[in-house]
Amino acid sequence: MATRRNWFEGWRLFGLLTLTLIGLSIWIAAMRQFEVEGVRMVIRFTARTSLLFFCLAFSAAALARLWPNAWTHWQRRNRRYLGVTFAASHAIQAVTIAAFAILDPPGFAAATSAVSYIFGGIGYAFIIALTATSFDRTAAMLGSCAWRRLHLIGGYYLLLQFMVSFGKRIPEMPLYALFPVAARRGVRAQDDQHGRAACATSGAGELRSGQLTPGETCGRAGDEPTAPRGRRR
């Protein structure tokens, strides 16, 4: 049990998942002799794996509150590492997109537009910023309030981007319709959680000055807002 926990927790989990993604991506490209079609298959594959890991990270805190069980507690504990794995999946996709542009410039030009460059670029910028601030030191440097704003805005922007990207493919693959439904439920759960946290913070703010720290009122860096952890009286 201890060995399994070690391999499926923390940075070992991230390493295992990332190596698996790299191995599968190479295998998929090799199926088409690393030609354009194989590269495009990897782009589609990493789009789906990115969606999976984003959903696991984005919904972790809300699911742990709504349906506390062994799975959601594991998901909550490893939210940071699932989020960084999402970034690794998107990094693999960025490499394959660059390979697509090099191998087939006309096809790449036909598959992209100014809009995709703008909104896709914003998405990648958010992914870089969210990943860079997923470590204790960088989160502390940013400050808990700014950290929370960045991760809230970035998370919802990426959620919207996924909904648009996969939503337009519903006619081709009806199963994609499950994602907007699940996303709506996840947003409601997040809103409920934020509302409870705000109420808890508001009540705690009535305590005497000095009993709360900025990190407790705005949300702990690297975590969701929590009730104050000051001394009990």
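Biologist: How many helices and strands make up the secondary structure of the chain?

Modeller: This is a predicted model, where local features need pLDDT of at least 70, side-chain atom pairs count only at pLDDT 80 or more, and totals for chains, interfaces and linings use all residues. Residues are numbered from 1 along each chain as its sequence is written, and side-chain values use heavy atoms, leaving out hydrogens and water. Helices are DSSP runs of H or I with at least four residues, strands are E runs of at least two, and both are numbered from the N terminus. On that basis, the chain has 12 helices and zero strands.

Biologist: Okay, which residues of helix α5 are buried?

Modeller: Buried means under 20% relative accessible area, exposed over 50%, partly exposed in between, with a 1.4 Å probe and protein chains only. Helix α5 covers residues 70–77, and its buried ones are T72, W74 and Q75.
They span an arc of only 160° around the axis (directions from the axis to the C-beta atoms), so they sit on the same side of α5.
Taking contact as heavy atoms within 4.5 Å, the buried residues of α5 pack against α2, α3, α4 and α6. So the names you want, by the burial cut-off, are T72, W74 and Q75.

Biologist: And which residue caps the N-terminal end of α5?

Modeller: Look for a side-chain oxygen 3.0 Å from the backbone nitrogen of W71. The residue supplying that oxygen is N69.

Biologist: Is Q33 buried or exposed?

Modeller: Q33 is in the loop between α2 and α3, with a positive phi near 55°. Its relative accessibility is 56%, so Q33 counts as exposed.

How values were computed
A polar contact is a pair of N or O atoms within 3.5 Å; within protein, one must be able to donate a hydrogen and the other to accept it, and residues adjacent in sequence count only if both atoms are side-chain atoms.
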